[in-house]
Amino acid sequence: MAELGSKGVTAGKIAINVQKKLTRAQEKVLQKLGKADETKDEQFEQCVQNFNKQLSEGTRLQKDLRTYLASVKAMHEASKKLTECLQEVYEPDWPGRDDTNKIAENNDLLWTDFHQKLVDQALLTMDTYLGQFPDIKSRIAKRGRKLVDYDSARHHFEALQTAKKKDETKIAKAEEELVKAQKVFEEMNVDLQEELPSLWNSRVGFYVNTFQSIAGLEENFHKEMSKLNQNLHDVLLGLDKQYAGNAFPVKAQPSDSTPAKANKSPSPPPDGSPITSPETKTVNHDLEPSTLETPGASIPKSPSQPAEAAHAGAEASGSEAAAGAEPSKTEADSGSSSLPAVVVETFPATINGTVEGASSERADMPPGFLFKVQAMHDYTATDSDELQLKAGDVVLVIPFENPEEQDEGWLMGVKESDWIQHKELDQCRGVFPENFTERVQ
């Protein structure tokens with residue numbers, strides 16, 4: 001008996017929800033056609049526009065802040081690698097080795113502290129600020145639906161009053177429904193009329209605090225980093241003074257030492273220009289510019305000889321070719337090593353967001369299954385056609401039977417746990433606010 005009663009309640013609930021959606025749809029059609037007036041509140045609409053703008057700006061700021069934090073982390077890793085390289089090349093008997101190790105350690109700690117403070121004082125504050133928007137956005141959408149219900153009840157009551165044959169019983173019932181719809185709407189409307197302007201004004205203080213925190217953290221970080229850099233400069237200056245008598249210039253090899261030159265690769269110039277020597281300068285000029293500038297192009301290891309060399313004797317030509325071939329090979333090796341590596345990633349082809357070959361509808365999913373979402377926040381259902389959600393719940397999204405019934409920002413779905421247990425859409429499906437969830441599949 002209890003089971004039959006439960007089914008009866010469910011069937012009644014479904015019927016009420018269907019009727020409510022049908023009434024709303026009819027009311028919207030009449031309003032669009034100009035056959036029914038629509039309650040307007042320009043002041044509230046302005047508040048909604050401000051709310052949407054504030055949400056958009058906050059979302060962009062959060063995205064840019066996360067990008068900034070990712071860049072700080074990348075710079076930390078790059079700085080760490082650079083100091084590790086210095087530690088490796090700094091020989092034990094050189095003066096200031098302990099100082100360089102200490103500087104490297106402090107450098108790492110400074111970057112770590114900077115990143116963590118940015119997270120605590122900027123990103124977490126940003127997340128808290130944006131955390132209040134989903135609930136208010138849901139209530140704005142809810143107010144819109146209740147306004148349609150109120151207009152519909154008002155028009156129904158007015159129609160009964162102006163009918164030729166008046167039914168006092170129906171009129172009394174319609175009046176009761178009108179008062180009820182008006183009360184629900186006005187309660188939500190009053191709360192939002194107070195909250196939206198207050199939220200809009202709060203953005204100024206939030207932006208001030210956020211950017212002041214970031215600016216202050218950056219100032220302290222660069223101040224401390226400047227001290228470390230000065231210390232490192234002093235250590236390296238001491239090393240330079242101790243070995244001041246040793247020079248490290250890269251000089252061109254004399255013409256009578258070609259074998260030694262062939263086995264020694266000169267350091268590339270700072271401006272990245274091709275390496276040349278007096279013996280091979282003429283040969284290098286004969287190379288095609290495209291072979292030097294285009295990444296991946298092959299550089300001839302033995303370039304053609306200039307026209308003047310063709311008139312020399314065979315022995316002289318052979319000697320010059322041998323002298324020019326090896327430096328050209330060095331240039332090719334040096335040039336290829338300076339070219340950036342190109343990494344190509346391949347991804348499976350997709351069609352409408354679905355991996356090619358995969359089916360968007362599976363046998364174990366409800367009919368018309370679109371995708372999965374997971375609740376990021378708790379949501380308390382305020383209407384009989386809504387889903388009650390807890391953070392972490394997985395919802396299987398399905399299409400509306402009538403697309404015109406779908407309100408902006410709302411999805412139709414069934415909780416995965418309910419579907420697995422009942423396999424019955426009529427008992428389990430309902431609408432829920434999209435901004436309380438995150439797509440997972």
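1. The second largest cavity in this predicted model has a volume of about 30 Å³.

2. Two elements, helix H2 (42–89) and helix H3 (97–130), each give two or more residues to the lining.

3. The lining of the second largest cavity can also be sorted by class: 4 residues are nonpolar and 3 are polar, while no charged residues are present. As background, rolling a probe the size of a water molecule over the atoms shows where empty space is left.

4. A separate point concerns strand E3, residues 371–375. Is strand E3 largely enclosed or largely open? Strand E3 is largely enclosed by the rest of the structure, because 4 of its 5 residues are buried. Buried here means under 20% relative accessible area.

5. Strand E3 is joined to strand E4 (residues 394–398) by 4 bridges, and the two strands run antiparallel. Within this pairing, Lys372 has Leu396 of E4 as its bridge partner.

6. Strand E3 also pairs with strand E7 (residues 437–439), here through 3 bridges and again in an antiparallel arrangement. What stands opposite Ala375 in E7? The residue is Thr437. For reading the side chains, the general rule is that in a regular strand they alternate between the two faces of the sheet.

Key:
Residues are numbered from 1 along each chain as its sequence is written. This is a predicted model: local features need pLDDT of at least 70, side-chain atom pairs count only at pLDDT 80 or more; totals for chains, interfaces and linings use all residues. Side-chain values use heavy atoms; hydrogens and water are left out. On a 1 Å grid over the protein atoms alone, a cavity is a set of points where a 1.4 Å probe fits but cannot get out, and a pocket is an open set with protein on both sides within 12 Å along at least five of seven lines; lining residues have an atom within 4 Å of a point. Grid points are joined across faces, edges and corners, and a volume is the space filled by probe spheres set on the points. Ala, Val, Leu, Ile, Met, Phe, Trp, Tyr, Cys and Pro count as nonpolar, Asp, Glu, Lys and Arg as charged, and the others, Gly among them, as polar. Buried means under 20% relative accessible area, exposed over 50%, partly exposed in between (1.4 Å probe, protein chains only). Two strands pair if DSSP finds at least two bridges between them.
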